[in-house]
Amino acid sequence: MGLRRLRVHMAGAVQGVGFRPFVYRLASELDLKGWVLNSGSGLVIEAEGPEDTLEQFLVRLETERPRASVVLAREVSVLEPAGYASFEIRRSDEQEEKTVSLLPDLATCPDCLRELNDPADRRYRYPFTNCTACGPRYTIILDIPYDRPRTTMRDFQMCPDCLREYTDPADRRFHAQPNACPVCGPRVWIETAANPSVTAALPPDRDPIRAAAEALRAGRIVALKGIGGFQLLVDARNEEAVARLRRLKQREEKPFALMAPTLDCIRQCAEVSDAEERLLRSPAAPIVLLRPHENHPLAPNVAQSSPYLGFMLPYSPLHHLLMEECGFPIVATSGNLTDEPIAIGNQEARARLGGIADLFLMHDRPVARPCDDSVARVSRGRESVLRRARGYAPLPVLVRRRLPAVLAVGGHLKNTVAIAVGRQVYLSQHVGDLDTAEARRAFVRAIEDLCRLYRFQPELVACDLHPDYASTHWAQSSGLPVYAVQHHHAHVASCAAENDLEGEYLGVGWDGTGFGLDGSVWGGEFFLVQDGKFERVAHLRPFRLPGGEAAVKEGWRVSASLCFETFGPDAVEKPTLLRMLERGVNSPWSTSVGRLFDAIAALAGVARTNRFEGQAAMQLERAIGRIRTEDCYPLDEKDGVADWRPLIRAVQYDVGKRVSAGLISARFHNTLAAWIVRVARRTGVRQVALSGGVFQNSYLTERAAALLEQAGIRVATHQRVPANDGGLALGQAVIAGQAFSGGF
Ligand code: ZN
Ligand code: ZN
Ligand code: FE
């Protein structure tokens, strides 16, 4: 059993209730080493010991904790051992800024769920039931301190019963800011898109939730106002209904998220491990990526090209009630048109979603800020967040060193922003791609919102090196000092920061696109990183992207480019493409592993195009299926440049031999994993950080990590922060902060 270090970050009523002595006693009893500390944003524990003991520690931390404590949010990271000699209660950092502790939105707790289903309870079937341990938080707060008049519940006057609960320290609704009941709280209703003036078509005594369930059963699209905004729902078994939603939402292929009434229902569709079950049932209640069964009962167009099904369980009373009425799995996707931010206001939803939804399940509790459903998965046996929003935002990440007041504005795709306060970096919820004016407004609002809530005055702004990102433009016009961070440097630094790496490491930054120091498109980079500086020690041999942006959407263009280099002009059939390649017109250079994935997917006959970012790569990973092989293709590296021509030759040979796409894919993945290990060995590093969108690929990540560990090298992979561009802001904050501390 290996030695591990856990870092546990807890928020809630965990300070001043005897929590630290409790942790000390428990850790000592289990002979774990480490420390416990009150930080500005909650309690942080580091515990080091054998893996199975740490497992016990986590369980007992929950079951034996002080009675007065309420743990509302908990995030665990698995770190490499630090070699602690004892367990101690650390003095709180005197310099630590006292930040307000804002909590994420929490899934309905078992107590509230019991009341919801109890006909004798006054909250029987009440869709806004909550208590101190559950309910909306981040999505209702308007300003600090967190108190009812500064939440979107301010217009609801508590009735005498609710007020009694709210003011009674012995009640489990003592100071529960969103406290409400059928007498005094928000209400739910239904309206048709054609007739928003409340339910003209429906008799007034109709139960709106039942009506919504019936509509879903009949194949209609329902827009539901949830916790962090609107969702679009449709029966996940109904292929025609799913197809209609895709058409109207202009989302042709990207997988849809699913919600199931029960865990059993999920198990009928996909494999669920113990760790995945814990994640599904956690207070964050994210969408969890699961491996589908071959013969699942869902419509095939729910997640067609993806190797995964993304499932979540109901997380609000409204969802619980609706799912109970339905009894079948539904699609539950963000209420927006493709590429736009999620709708949160009732009027806004009517205007923006009126052309999509047949029916609106509305309520009158305003949503203070958009918060999509989060996406997570279990990889290497650990939780890993791919989209950080509802249930996670705005919990901070603790970093090694105190940082100056940096505002990091992230990248262009899957944007998030971050602020650094001392050793805490607060990450915003997922904002999204900044392609539309609507999205850019949401981006500016997210910045203003975060700064206002935390009373944060930035001293400098960190952004991407790309001169044309909307986020870069914003930084440049902010009037503050700007520090531009190279894209892949930010990626690997975010991974290193959340995994608490110290000293030199090898950063593997692989993704689709990032602005390189030489102005070309990078994405297959190895950096030796130390003290905030990096040296590019290896990368792919550059290749051309014929058609520029078109080559990002059409992987067959990249495959033509690689074949042109490998076999000569005869390998390119299209004359226009050949001319482009020969003259280098509109064909920028790239070292992107993401694009290499696209090319191999095209050669292997798996996918010729990308309808959404990463689609071809997903399909290529999916093609592996249950194939297990150790085979690799040749990838010759000289002076840090990996020549893919032997690889392309070997792949084409296999294609000619009619080798299955799955086997070609497995060999290709193995080739990349082996390359990582070779570079790590050559550079002699002791630790490696894997980051960038390519590492959302489980097969590659798990294989590379396993091989590195076999070679005695420590591996850091993403856990709390996305490997994709959603994690850039953290890396930017750390790098810019470090540079600024050293003086400009
Ligand atoms: Zn509750
Ligand atoms: Zn009430
Ligand atoms: Fe990236």
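Predicted model: local features only at pLDDT ≥ 70, side-chain atom pairs only at ≥ 80, totals over all residues.
Helices here are DSSP runs of at least four residues and strands are runs of at least two, both numbered from the N terminus.

Most residues other than glycine have a negative phi, and most peptide bonds are trans. A few spots here go the other way. Arg125 has a positive phi, near 60°. Its relative accessibility is 22%, so Arg125 counts as partly exposed, given that the buried class stops under 20%. Asn586 also has a positive phi, near 45°, and sits in the loop between helix H16 (575-583) and strand S25 (589-590). At 48% relative accessibility, Asn586 is partly exposed too, because exposed would take over 50%.

Now for the cis peptide bonds. One runs from Ile144 to Pro145, with omega near -10°. Pro145 belongs to the loop between helix H3 (110-116) and helix H4 (160-167). Another cis bond joins Ala393 to Pro394, with omega near 5°, and Pro394 is in the loop between strand S15 (382-387) and strand S16 (396-403).

**Salt bridges**

Side chains of opposite charge can pair when their charged atoms come close. In this structure there are 58 salt bridges. Here are three of them:

| Asp143 | Arg455 | 3.0 Å |

Take the salt bridge between Asp143 and Arg455. Which parts of the chain does this pair link? They are distant ones: Asp143 is in the loop between H3 and H4, while Arg455 is in the loop between helix H11 (437-453) and strand S19 (460-464), 312 residues apart. Asp143 has a relative accessible area of 23%, which means it is partly exposed.

Is the Glu165 and Arg173 pair buried or exposed? Glu165 counts as buried at 12% relative accessibility, and Arg173 is buried as well, with a relative accessible area of 2%.

Note on methods: Residues numbered from 1 in each chain as written. Chains lettered and ligands numbered in written order. Heavy atoms only, no water. Buried < 20%, exposed > 50% of the residue type's maximum accessible area, 1.4 Å probe, protein only. Salt bridge = Lys/Arg side-chain N within 4 Å of Asp/Glu carboxyl O.
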